[in-house]
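Trainee: I would like to go through the labels used for this model and check each against its cut-off.
Mentor: Go ahead, one label at a time.

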Amino acid sequence: MKTIANIKNICKFTALVSFTIGTVLVILFAMNKAQDSLIIIGFYYIFIAVILNSILLFCVFISVLYFSQHRQELLAHCGLLVLKIPIALGYFFLVLNLSGL
């Protein structure tokens with residue numbers, strides 16, 4: 001089913017892009033600790049990423065209810081979206097540690 005494939009591709013793409021942008025921001029901050037602007041950019045990024053990923057997660061949950069025959073596949077992709085939460089928390093505590101806050 002093309003709709004299921006599209007939902008799965010959007011989840012994979014969103015997870016990859018979110019992870020990549022977050023990792024790049026953390027690496028840039030680690031290299032340039034004196035850059036307060038990177039902290040501000042990072043907070044804006046976190047805010048936007050949380051909103052977009054929450055909307056996507058909600059949409060995938062609705063898709064699970066609508067396409068019940070593909071429940072396993074869609075829930076696995078929900079797990080992919082949720083998997084980023086501990087990574088983001090780890091990055092957050094790393095930045096706090098590096099910045100001395």
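Trainee: Where is S63 placed, and why is S63 called buried?
Mentor: S63 lies in helix 2, where helices (H or I, at least four residues) and strands (E, at least two) are DSSP runs numbered from the N terminus. Buried means under 20% relative accessible area, exposed over 50%, and partly exposed in between, with a 1.4 Å probe and protein chains only. The relative accessibility of S63 is 12%, so S63 counts as buried.

Trainee: What does S63 touch once its neighbours within four places in sequence are set aside?
Mentor: I7 and L74 are in contact with S63 on that count; contact means heavy atoms within 4.5 Å.

Trainee: Before going on, what kind of model is this?
Mentor: This is a predicted model, in which local features need pLDDT of at least 70, side-chain atom pairs count only at pLDDT 80 or more, and totals for chains, interfaces and linings use all residues. Residues are numbered from 1 along each chain as its sequence is written, and side-chain values use heavy atoms, with hydrogens and water left out.

Trainee: How do you know that S18 is buried or exposed?
Mentor: S18 has 14% relative accessibility and therefore counts as buried. S18 sits in helix 1 and touches Y45, N53 and K84, not counting residues up to four places away in sequence.

Trainee: What makes helix 1 and helix 2 roughly antiparallel?
Mentor: The axes of helix 1 (residues 2–31) and helix 2 cross at roughly 165 degrees and come within 11 Å. Helix 1 is therefore roughly antiparallel to helix 2. Angles under 35 degrees count as roughly parallel, over 145 as roughly antiparallel, 65 to 115 as roughly perpendicular and the rest as oblique. Axes are lines fitted to C-alpha atoms, for helices over the stretch in contact, with angles from 0 to 180 degrees between N-to-C directions.

Trainee: Which residues meet there?
Mentor: Among them are I7, S18 and F29 in helix 1, and Y45, N53 and S63 in helix 2.

Trainee: Why are helix 2 and helix 3 given the label they have?
Mentor: Helix 2 (residues 36–66) and helix 3 (residues 71–99) have axes that come within 10 Å and cross at roughly 165 degrees. Helix 2 and helix 3 are therefore roughly antiparallel to each other. The contact includes F43, L56 and S63 of helix 2 and L74, C78 and F92 of helix 3.

Trainee: How does the radius of gyration of the protein chain stand against the globule rule?
Mentor: The protein chain has 16 Å, whereas a compact globule of 101 residues would be near 13 Å. The radius is taken over C-alpha atoms, and the rule is 2.2 Å times the number of residues to the power 0.38. The C-alpha atoms fill a box of roughly 50 × 20 × 15 Å along the principal axes.
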